[in-house]
Amino acid sequence: MANYFARPENSLNRAEELINVGQNQEALETLHSFITSRRHRAWTRTHEKIMFKYVELCVDMKRGRHAKDGLIQYRGICQQVNIGSLEEVIKHLLRLATDKVEHASQELEDALNVDDLEADQRPEDLMMSYVNVDKGKNRSDREWFKFLWETYRTILDILRNNSRLEALYAMTAHRAFQFCKQYKRMTEFRRLCEIIRNHLANLNKYKDQRDRPDLANPESLQLYLDTRFEQLKVATELNLWQEAFRSIEDIHGLMCMVKKTPKSSLMVVYYSKLSEIFWKSSSNHLYHAYAWLKLFSLQKGFNKNLNQKDLQLIASSVVLAALSAPLYETSYGASHLELENEKERSSRMAKLIAFDVESSSEHKEVLSRSALLFDLVAKGVLNCATQEVKDLYHILEHECLPLDLAVEVEPLLTKVSKLGGKLASASSVPEIQLSQYVSSLEKLAALRLLRRVSEVYQTINIVNLSKIIPFFDFPNVEKISVEAVKNNYLAMKVDYRKGAVLFGNKGLESEGIQHHLSAFAESLSKSRAMICPPAKRTKLGETLPDLLDVVEKEHKRLLARKSIIEKRKEEQERQLLEMEREEAAKRLKTQKITEEAEQRRLASEFEQMKNQRILREIEARELEEAQALLQEAEKRSKKKGKRTVLDGEKITRQSLMELAVNEQMREKQEMEKRLQKLGKTMDHLERAKREEAAPLIETLFQHRLTEEEALHVLEQQQEIDVSRQRHAGDLEEKKRLSRMLENQKIFRERVVSLRRGEFDRLKEERENRIKQILQSRKQEREAKRKMIYYLRCEEEKQKKLAEEEEARKLEELNRKKREAAEYKAKQDEIAEKQRQREREAEERQKRDLSVTTRAVDLAPTPAAAPAAAPAAAAAAAAPAAAGGKYVPRFKRMAADGAGSTGSRPDDRPAPNGDRWRDDRDRDRRPAAYGGWRSSKE
């Protein structure tokens with residue numbers, strides 16, 4: 001049966017009495033009944049004491065459910081009055097539970113050798129616990145850990161929607177994370193992350209709750225971000241990479257929810273953990289490289305304390321991470337659904353890395369290795385890396401001889417593997433070890449080498465291939481090449497019978513397997529037709545070609561019908577989805593209107609209940625105050641033998657208040673009268689005391705004055721005696737010291753003379769030193785002036801020589817120009833003379849031709865023509881011979897024709913002038929450059 005108490009102090013006293021006699025269960029039930037009672041819902045300081053005692057009993061008895069129920073009830077009591085009291089109670093509960101765990105058994109490994117603290121105990125373990133005492137102790141220790149875990153869950157559940165206790169919620173979450181980290185509780189950590197994730201989801205889902213935390217508030221947002229970052233750190237330390245990735249998604253979702261970007265220090269932690277997650281949990285290191293690039297940009301832009309060594313190490317890590325990304329896409333030959341999933345996954349990763357990526361279908365890839373390497377060069381990351389990394393980049397990404405690639409890469413990888421360490425100026429960045437990229441770079445080098453060898457050779461021996469790839473043995477090389485061939489990066493075959501590797505076309509045999517049955521059927525039909533040719537065409541054979549056409553047409557018709565049916569199905573499904581969407585929208589609208597009306601009704605009812613409760617509390621408080629005043633009045637009246645209220649009288653709150661006020665007024669008046677009477681009595685008593693004490697004070701003053709006068713005379717006489725004695729001693733001391741006066745004078749003169757000599761010596765040395773310095777400076781100035789004068793003279797001399805040389809060159813140039821002009825004038829004159837002679841020769845030729853033509857035209861008869869022709873020919877040849885000019889052949893033919901016209905040919909020998917060149921002309925030949933040269937010359 002529940003216990004009912006009129007006052008909270010009574011329940012607390014009753015619980016302490018039960019605890020003292022060892023009845024902790026009854027004490028817990030007593031406090032629980034008081035906390036859940038509706039009669040005591042007004043918060044007082046006693047409620048806080050009761051809760052302290054209540055949580056202490058819950059911890060001692062390991063009653064987690066009772067503690068949760070009590071905290072929920074106490075939250076309703078103090079939510080609107082004193083929320084800080086709930087915070088103190090929760091901190092007290094955490095402190096007690098943590099102390100119990102710390103003082104538990106030291107053999108934590110045996111006590112925590114379970115996967116899940118919330119899992120029920122197995123029957124065999126329960127049976128063994130009754131036999132083995134140590135197992136029972138471990139089970140007890142395990143129960144303490146389970147109780148602490150349940151305490152964390154309870155507190156987080158109670159504080160999830162309370163904006164006033166956000167700091168306590170964040171602190172509890174941090175302590176729960178540290179609990180999981182300290183004791184390696186993987187299952188509990190996953191469950192804790194899911195609990196916090198659900199709390200945030202419910203917070204966004206039910207936005208109309210009272211006292212709900214507002215994420216738009218910077219303080220609240222910072223607390224939530226700190227909690228998520230602590231979750232991320234603990235997840236990476238526990239090597240729970242999937243949970244760490246979900247924590248990254250939580251942080252990104254929180255950033256997108258509030259449309260704000262955290263501080264750069266938090267973003268550095270975000271990208272450092274993201275790069276670590278991508279490296280550990282993904283075979284595709286492209287996302288890891290992008291995260292490193294973002295981290296490099298943040299460090300370079302916001303970390304002012306970053307030194308050159310750390311920047312170089314981060315840049316080297318970015319470049320090596322980019323080089324470690326795969327050379328080919330793994331989506332070759334994938335289905336449409338797989339390609340869509342891969343595209344969606346890539347877009348999701350790009351959003352996490354916070355890169356601007358378009359989601360249009362035109363882009364074949366969202367994040368690519370080539371784009372990343374281009375960004376490295378464009379943003380200057382490669383220039384910040386070490387020289388070994390730069391050389392490695394140029395060898396692997398640019399053309400290189402395939403046989404020399406491994407020889408050049410291997411020493412660089414050895415140097416790179418030794419680089420790394422903790423960054424001194426970037427504490428948020430994890431320790432960098434470049435050796436982790438060596439295996440990926442060796443695989444990259446092997447792929448590059450195989451690709452370049454395939455471009456140069458068609459066949460290569462397996463032994464030789466193993467020699468030029470020293471990173472792996474041939475089985476590993478074969479595994480790498482199979483993956484590359486599968487993704488259409490290489491085209492090669494391995495022939496173990498010949499011990500060779502064959503490089504060929506990229507058209508793989510595996511692509512033909514898709515249609516291997518139809519190809520096999522066609523080959524069989526052709527073979528059958530070749531082996532057994534048909535003797536005659538039957539009716540079936542005649543209709544067979546038509547049958548094939550019919551089958552083809554029927555197949556096309558069925559495909560078209562199938563596509564139409566699928567389109568109709570899709571259209572019907574779309575219509576159904578539209579109808580369902582409209583119905584859902586209507587339902588949501590109706591539900592929203594109903595919920596708003598219900599919320600308004602609940603709010604009005606809550607307001608009415610609140611006002612009624614406040615009125616009841618005010619009336620109850622006034623009644624209690626009136627009763628207390630009345631009880632005090634009755635106590636005083638009992639002492640005086642009076643009675644304030646008669647038995648059987650009807651007492652109301654108003655009557656009690658009037659009685660209490662009247663009684664207070666009466667007591668106040670009586671008290672004032674007593675005080676006035678007491679004041680008069682004290683005045684008379686004080687006056688009488690002062691009248692009696694006045695003569696005594698005067699007598700004492702005269703006595704004290706006489707004593708002080710005598711004391712003054714005595715002290716003055718003592719001072720005079722002491723002064724006389726001191727003067728006599730000083731005179732004796734002077735007399736004693738006067739004997740040393742002469743010696744003192746001698747000593748002083750000696751010291752003064754020594755110091756004066758030393759001063760004079762130092763003064764003379766100083767003057768000599770100054771003179772030497774002045775003399776040396778004068779010599780330096782003189783030498784400097786001489787050097788300047790010498791240099792100036794040399795400069796003038798060189799300048800004069802240069803001017804003379806320039807004048808000489810100019811004169812030589814002018815002379816050459818004059819000679820060239822004279823030479824040109826002479827050549828022009830010679831050419832003009834030559835042209836003049838040619839013109840004169842042409843004029844003479846024209847005159848001779850005109851004379852000949854005129855002579856022919858003026859011939860009198862045909863009979864006279866034979867006689868005149870030789871004369872004309874001789875006359876024409878004479879000037880030509882005389883002039884030494886060449887006569888063209890057609891003129892000579894014309895002359896011969898004119899001479900041969902007649903009845904008979906002329907048998908006479910031709911005259912000497914008829915020849916076109918005589919002996920004199922034969923001996924004359926043209927000179928090489930101008931004029932005619934005679935044989936006489």
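In which loop does Asn217 lie? Asn217 is found in the loop between α10 (186-205) and α11 (218-237). The model is predicted, so local features need pLDDT of at least 70 and side-chain atom pairs count only at pLDDT 80 or more, while totals for chains, interfaces and linings use all residues. Residues are numbered from 1 along each chain as its sequence is written, and side-chain values use heavy atoms, with hydrogens and water left out.

View 1. Helices (H or I, at least four residues) and strands (E, at least two) are DSSP runs, numbered from the N terminus. Helix α12 (residues 241-258) has 18 residues and reaches 26 Å from its first C-alpha to its last, close to the 26 Å expected at 1.5 Å a residue; the expected span is 1.5 Å times one less than the number of residues. Buried means under 20% relative accessible area, exposed over 50%, and partly exposed in between (1.4 Å probe, protein chains only). Among the buried residues of α12 are Trp241, Phe245, Ile248, His252 and Val258. Just after α12, Lys259 takes a positive phi of about 60 degrees. Asn217 and Val258 are 41 residues apart in sequence and 9.7 Å apart in space, C-alpha to C-alpha. Asn217 is partly exposed, at a relative accessible area of 30%.

**View 2. An open sheet with three strands.** The 3 strands follow the order β3-β5-β4, and their pairing is antiparallel. Two strands pair if DSSP finds at least two bridges between them. The edge strands, β3 (459-461) and β4 (492-495), each pair on one side only. β3 is joined to strand β5 (residues 500-503) over 3 bridges, and the bridge partner of Thr459 in β5 is Leu502. β4 pairs with β5 over 4 bridges, with Lys493 opposite Leu502. β4 and β5 form a hairpin with 4 residues between them, and Gly499 in the turn has a positive phi of about 65 degrees.

View 3. A salt bridge is a side-chain nitrogen of Lys or Arg within 4 Å of a carboxyl oxygen of Asp or Glu. The whole structure contains 38 salt bridges. One of them joins Glu571 and Arg574 (2.3 Å, N to O). These two residues are 3 residues apart in helix α25 (residues 539-640), a separation of about one helical turn. An α-helix has 3.6 residues a turn, so residues three or four places apart point the same way. Glu571 is partly exposed at 33% relative accessibility, as is Arg574 at 41%. In helix α27 (residues 741-857), Lys833 and Glu829 lie 4 residues apart, and their side chains meet in a salt bridge (3.8 Å, N to O).

View 4. The side chains of Glu686 and Arg690 meet in a salt bridge (3.3 Å, N to O); the two residues are 4 residues apart in helix α26. Glu686 is partly exposed, with a relative accessible area of 33%, whereas Arg690 is exposed, at 60%. Leu685 is also found in helix α26 (residues 653-737).

**View 5. A network of salt bridges.** Glu194, Arg197, Glu243, Arg246 and Asp250 are linked in a network of salt bridges. Two of these residues, Glu243 and Asp250, are among the buried residues of α12.
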